[in-house]
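The entries below are kept in the order in which I looked things up.

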Amino acid sequence: MGAFNRRAARAAVVAAVGISALGLSAVTASAKVSYDFKVSPHTVRVGAGVHVKGDAANDSDVLQKFCVQQRQGKGPWRTVKCAHGGIGLGGAVDTWVQAKHRGTLQLRGALYEADFGSNKLRLQMVGPAETVRVR
């Protein structure tokens, strides 16, 4: 192998390592959200209670608040209960929801954040909906 080929191979390796290092630094800069949400039971009678438990947090240092939301059928989402929250801590909610109507009751967790210098919360992430069948 000639000197020119060795230099070209070395330059290609250095370029590949540099590009992969840039890619890794971009990945580690993204915020990570921890999310846990449980609903039980998944089938109830009208008037029965459904146990809802969940928590969420983001690794960013901003004011966060975790809330549980519900909707009946295809209706609008409404907030059932929110945790107190805090800086870098969305909080946890452990509550009961009453199934008032036949059909489907959907429940989900939502994490809200406020930017620095602002107390206005904005939706940061929403978890998948858990469906409860009400008969």
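I looked up C67 in this predicted model and found that C67 counts as buried, at 3% relative accessibility, where buried means under 20% relative accessible area, exposed over 50%, and partly exposed in between (1.4 Å probe, protein chains only). C82, with a relative accessible area of 32%, is partly exposed. These two cysteines form a disulfide with their sulfur atoms 1.9 Å apart, the rule being a pair of cysteine sulfur atoms within 2.5 Å, and the count by this rule comes to one. The torsion about the S-S bond is about 105°, so I noted the disulfide of C67 and C82 as right-handed. Because C67 lies in strand β4 and C82 in strand β5 (residues 78-82), the pair ties together parts that are 15 residues apart in sequence.

For my own bookkeeping, residues are numbered from 1 along each chain as its sequence is written, and side-chain values use heavy atoms, with hydrogens and water left out. Local features need pLDDT of at least 70 and side-chain atom pairs count only at pLDDT 80 or more, whereas totals for chains, interfaces and linings use all residues.

Next I went through the charged pairs and noted two salt bridges, each a side-chain nitrogen of Lys or Arg within 4 Å of a carboxyl oxygen of Asp or Glu. In one, K38 pairs with D36, the closest N and O atoms being 3.0 Å apart, and D36 is partly exposed at 32% relative accessibility. In the other, E113 pairs with R122 at 3.8 Å between the closest N and O atoms; here E113 is buried, with a relative accessible area of 6%, while R122 is partly exposed at 39%.

I then turned to the largest nonpolar core, which has 18 residues, with V50, V52, L105 and L107 making the most contacts inside it; such a core is a set of buried Ala, Val, Leu, Ile, Met, Phe, Trp, Tyr and Cys residues joined through side-chain atoms within 4.5 Å. Among the elements that give two or more residues to this core are β3 (49-58) and β8 (103-114). Leaving aside residues up to four places away in sequence, V50 touches, among others, V39, W96, L105, L107 and V132, a contact meaning heavy atoms within 4.5 Å.

Of the 135 residues, 29% count as buried.

Key:
Helix = DSSP H or I, 4+ residues; strand = E, 2+ residues; numbered from the N terminus.
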